[in-house]
Amino acid sequence: MRLIHCRSTSIIMNFYFEAVNVLDKLDAKKGSIKGIIASVPEKNRKRTAALVIETLKYKQVLNEVIDAAQLLKQERKITSRNLALVLVHDLLLAGGIQAGEGPIKQAVLRHRTRLQSEFTRLKVKRGVKRNEELAQTDDARAASIPRYIRVNRTCWSMEEALKTFQAQGFESGDPLASSKAFKQDEHIPDLLAFHPSVRFTEDPLYLSGKVILQDKASCFPAYILAPPASDKAVVIDATAAPGNKTSHLCAIMQNKGKLFAFERDRKRFSTLKTMLSRAHCSNVEAVNSDFLTISPDDAKYSGVTHILLDPSCSGSGIVNRLDHLLDNEQENEADTERLNKLAAFQLKMIRHAMTFPSVQRIVYSTCSVHAIENEHVVRQAIKSEEAKSGRFRLGRKEEVLPTWKRRGISEEMDDPADADSVVRCSPGEDATNGFFVSLFVRMTDKDAEQYSAEQASKRKTMEDPDRSGEQRAAKRR
């Protein structure tokens, strides 16, 4: 019995250590809350997510209590602040630490009276009666973003989905105005928008893969890449986990052809496979490898015509109702250095994709709002040797979601006119998370001639400012 009890205690403490690991990664800015939690093994994910999110909600308060009680100074067994945070959270706010009588739990319990006293003193100081009043409030921008779900057309049709939701009592209308209103998106045909309070994580439609929880902006890359629904199609998703964009590509391809989904991280690869299975993706081959190590000369990938690149980024555009809980300090030199490293990696991904002999279209996207990861990467990519030798150009506006109004930042492009070739989403303003999407297209001989003529005309206009003014005046007339 003693052995069983010890094992049980160890398992529960491992749950706390899993939560600490997530918090450590968030402190190191290794991703968004949602993204990092997605890498937690599925059997522990729901419980770990709940503890992490609740701890972050009360983080400021818990830190004050821990410091006032001098817990970290007096207890060497509490090896990190994040470990103290999750344990003190459960002690004060969740009815007690959920673990057996191990040494770490005892180290906290020795200070229970002082911790509870400091917690009570802080509530009096702030003039609150209920613990909930101490929690950090929601990001106001989240209220302006609907709950988006993508109808998975590998399972059923949009018509069937609309009838199902109407039968559940939902009515066509403004999803931000009523919890019973929903509407079909005007830009992404398979997307439906609901009130932010509507939950689908336990819904049978989600659990069966008929609907995918996916932000609107996250649907842009696959939609813009537009791979063909053909048995001969060969497509790559270069950084596939957790799998939302992969499953979207699969749906667009109607489960035809071949879709290679790369993910180098073992845990995220497991998450990817689970997602693809739930989404009924039968044309996908998941590959636990780094896309950058794949040779374009490998016969297996020689027929690839479409590549989706959504590499690691700062995640600065993500609102997702969770990341407001993180400390948002002003950008410093360390942040700038991190962004530069990310941008170098992102550029490397694009240049590698351009070396695949049959590739015709490459989409590059980020969930970042920083120009250094967006416009700057694109302008370097289009000037690269790979772009020149492969005869790649930026997709024209009519090829890149032409009805979307917000485009790139013209001041951040070498040619201001190229800003129309890329798409931006602004969190809090476009009813989406922050996002950026660009398209690179390999030119045919005829396309190359037209492109060369356009570039020559631009250079001539720049060299003759008077003529440029005349042209603008004529255009206005």
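Predicted model: local features only at pLDDT ≥ 70, side-chain atom pairs only at ≥ 80, totals over all residues.
Biologist: Why is the pair of Phe15 and Tyr16 called tilted?

Modeller: The centres of Phe15 and Tyr16 are 5.1 Å apart, and the angle between their planes is 50°.

Biologist: What makes the pair of Phe170 and Phe194 edge-to-face?

Modeller: Their centres are 5.0 Å apart and their planes are at 85°. An angle over 60 degrees counts as edge-to-face, so the name applies.

Biologist: How do you know that this pair links distant parts of the chain?

Modeller: Phe170 is in the loop between α9 (158–167) and β2 (171–172), Phe194 is in strand β4 (residues 191–194), and they are 24 residues apart. Helices (H or I, at least four residues) and strands (E, at least two) are DSSP runs, numbered from the N terminus. Phe170 has a relative accessibility of 9%, so it counts as buried. Phe194 has 0% and is therefore buried. Both belong to one aromatic cluster made of Phe165, Phe170, Phe182, Phe194 and Phe200.

Biologist: Why is Lys180 said to sit over the ring of Phe170?

Modeller: A charge sits over a ring if NZ of Lys or CZ of Arg is within 6 Å of the ring centre and within 35 degrees of the ring normal. The charged end of Lys180 is 4.7 Å from the centre of the Phe170 ring and sits over it. Arg47 does this with Phe15, its charged end 3.9 Å from the ring centre.

Biologist: Why is Ala177 called exposed?

Modeller: Its relative accessibility is 60%, which is over 50%, so Ala177 counts as exposed. Ala177 lies in the loop between β2 and β3 (181–184).

Biologist: What stands out in the backbone at Leu401 and Ala431?

Modeller: Leu401 has a positive phi of about 45° although it is not a glycine. Ala431, also not a glycine, has a positive phi near 60°. Leu401 is in the loop between β11 (392–394) and β12 (423–425), and Ala431 is in the loop between β12 and β13 (435–442). At 6%, Leu401 is buried; at 23%, Ala431 is partly exposed.

Biologist: Why is α4 called roughly perpendicular to α6?

Modeller: Axes are lines fitted to C-alpha atoms, for helices over the stretch in contact, with angles from 0 to 180 degrees between N-to-C directions. Angles under 35 degrees count as roughly parallel, over 145 as roughly antiparallel, 65 to 115 as roughly perpendicular and the rest as oblique. The axes of α4 (residues 59–68) and α6 (residues 81–93) come within 10 Å and cross at roughly 100°. The two helices are therefore roughly perpendicular.

Biologist: What about α6 and α8?

Modeller: Helix α8 (residues 112–126) packs against α6 at about 75°, with the axes 11 Å apart. That value also falls within 65 to 115, so α6 is roughly perpendicular to α8. Contact means heavy atoms within 4.5 Å, and here it involves Val88, Leu91, Leu92 and Leu93 of α6 with Arg112, Leu115, Gln116 and Phe119 of α8.

Biologist: Why is helix α15 called mostly covered?

Modeller: Six of the eight residues in α15 (residues 375–382) are buried, namely Glu375, His376, Val377, Val378, Ala381 and Ile382.

Technical notes:
Residues numbered from 1 in each chain as written. Heavy atoms only, no water. Phe/Tyr/Trp six-rings, centres within 6.5 Å; stacked < 30°, edge-to-face > 60°. Buried < 20%, exposed > 50% of the residue type's maximum accessible area, 1.4 Å probe, protein only.
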